[in-house]
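Have a look at the model first, then read along with me.

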There are 2 protein chains.
Amino acid sequence: MKLYDSKVAPNPRRTRIFLAEKGIEVPTEQVDMMKMEHRTPAYTAINPLQRMPSLVLDDGTVITESLAICRYFEALQPAPPLFGVGAKESALVEMWSRRVENNFFATVAAVFRHLHPAMKELEVPQVPAWAEANKPRVTQFLELLDGELAKREFIAGDHFSVADITALCTVDFMKPARLAVPEGAANVKRWHAAVSARPSAKA
Amino acid sequence: MKLYDSKVAPNPRRTRIFLAEKGIEVPTEQVDMMKMEHRTPAYTAINPLQRMPSLVLDDGTVITESLAICRYFEALQPAPPLFGVGAKESALVEMWSRRVENNFFATVAAVFRHLHPAMKELEVPQVPAWAEANKPRVTQFLELLDGELAKREFIAGDHFSVADITALCTVDFMKPARLAVPEGAANVKRWHAAVSARPSAKA
């Protein structure tokens, strides 16, 4: 088994944090996205979509998409559960995971990819107007999240889950996107400090 | 239990097809998105993100996001399995489900939302340059998918899955987005005819 990982991007970090929470170690190969190594013929043969990360199993099966890789390991080693337990809790984790991805991760990524000078060769064409359209959506979602985190410890409930992992990676992704958590979002800040203090956050 | 559904949008259709494949009937209330009913205070109290569909359980729990609702029903009634069986197959279904969502559903949606005159009041601001940037990505993904469907019957393997449901809804969403499946994509056309012929496609 081998995990193709990249230290600079938020998606591979989601998988690394997940594995750290599980205490699972996987042989890893770094792919330098700033050197376009994810667009070489060698990596394209692994993932034709040229996205990171990818997991190659011993039988040659390739699993891509951060959370698909996470689900694979959740099935192999259910403890500690990071996708919820039981029909209702699992559905709420999935709901919050997707809300965070679609309304927060995707909007911050749009700002970063369509405004940052370092993305000029990776995001073609950059559409600055699309980045600008997303800026208020980032703030709106953080305001919603702040209200939710006033009611509970973690994003999807009383347990740490993949929704927290994605949200943590997104808050940290706001820095290169030149965005900031609103001053008044005290619950988001409390939650972010708590999840950042977990050993897995260093992964 | 009540499902808030909307006949005009592709996301609620994903959940309806899923339920039809499972043979599950749920009491449903229609929310007319063209009349902005998903933005009323009543619906916003159910889903503050104003997205469709939403499922309200008898204990008042609200589950939003089409595939979170699908996962809820998969856990309640596993047969027929639509998210795969076992660690590896489930991961591959999740991988293809996400590939279809991120590279096909999202790109077609961008074209529709940012170019179609009917979306002027729903997508503010419309960014036509973002729609144009997505058009070639739709074609690129369909070319990839065509090569994959040369090798197997369904998108994620030999069984119909949620990846097929999302892809079916996306191909049908191409019509209002004024996009067409490339003439040469014979495997995509064969697959689309087959999944469209399933009784669930009428849901």
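This is a predicted model: local features need pLDDT of at least 70, side-chain atom pairs count only at pLDDT 80 or more; totals for chains, interfaces and linings use all residues.

**Entry 1**

I then superposed the two chains: a rotation of 180 degrees, with 0.0 Å of shift along its axis, brings chain B onto chain A at an RMSD of 0.0 Å. The two copies are therefore related as by a two-fold rotation axis. Which residue of chain B comes closest to that axis? I found B:Trp130, whose C-alpha is 3.2 Å away.

**Entry 2: the contact between the chains**

The same surface serves both copies, as 100% of the contact residues of chain B recur in chain A. I counted 28 residues from chain B and 28 residues from chain A in the contact.

Next I asked which elements of chain B each supply at least two residues to the side that touches chain A. My list has strand 4 (62-64), helix 3 (66-76), helix 4 (87-115) and helix 5 (128-149) of chain B. Helix 4 of chain B gives the largest share, with 10 residues. By residue class, I sorted this side of chain B into 18 nonpolar, 4 polar and 6 charged residues.

**Entry 3: the sheet of chain B**

I traced an open sheet of 4 strands in chain B, ordered 2-1-3-4 with mixed pairing. At the edges I found strand 2 (28-30) and strand 4 of chain B, each of which pairs on one side only. From one strand to the next, the twist averages 20 degrees.

Strand 1 (residues 2-5) and strand 3 (residues 54-56) of chain B pair in the antiparallel sense, over 3 bridges. One pair I wrote down is B:Lys2, which has B:Val56 as its bridge partner in strand 3 of chain B. Helix 3 of chain B packs on the sheet, where it touches strand 3 and strand 4 of chain B. I read about 120 degrees between the direction of this helix and that of strand 4 of chain B.

Strand 1 and strand 2 of chain B, by contrast, run parallel and are joined by 3 bridges. Here I picked out B:Asp5, whose bridge partner in strand 2 of chain B is B:Gln30.

**Entry 4: the sheet of chain A**

I repeated the search in chain A. An open sheet of 4 strands turned up there, in the order 2-1-3-4 and with mixed pairing. Its edge strands are strand 2 (28-30) and strand 4 (62-64) of chain A. In chain A, strand 1 (residues 2-5) pairs with strand 3 (residues 54-56) in the antiparallel sense, over 3 bridges. I noted A:Ser54 in strand 3 of chain A as the bridge partner of A:Tyr4. Helix 3 of chain A lies across strand 3 and strand 4 of chain A and runs at about 120 degrees to strand 4 of chain A.

**Entry 5: helix 6 of chain A**

Last, I turned to helix 6 (residues 162-173) of chain A. This helix has 12 residues and reaches 16 Å from its first C-alpha to its last, close to the 16 Å expected at 1.5 Å a residue.

Is helix 6 of chain A largely enclosed or largely open? I found 11 of its 12 residues buried, so helix 6 of chain A is largely enclosed by the rest of the structure. Among the buried residues are A:Asp164, A:Ile165, A:Leu168, A:Cys169 and A:Phe173. What covers the buried residues includes helix 1 (10-22), helix 3 (66-76), helix 4 (87-115) and helix 7 (186-196) of chain A.

Technical notes. Residues are numbered from 1 along each chain as its sequence is written. Chains are lettered from A and ligands numbered from 1 in the order in which they are written. Copies are superposed by least squares on the C-alpha atoms of residues with pLDDT of at least 70 in both. Two residues are in contact if their C-beta atoms, placed from the backbone, lie within 7 Å. Ala, Val, Leu, Ile, Met, Phe, Trp, Tyr, Cys and Pro count as nonpolar, Asp, Glu, Lys and Arg as charged, and the others, Gly among them, as polar. Two strands pair if DSSP finds at least two bridges between them. Axes are lines fitted to C-alpha atoms, for helices over the stretch in contact, and angles run from 0 to 180 degrees between N-to-C directions. The expected span of a helix is 1.5 Å times one less than its number of residues. A residue is buried if 20 or more other C-beta atoms lie within 10 Å of its own, exposed if 12 or fewer, and partly exposed in between; C-beta atoms are placed from the backbone.
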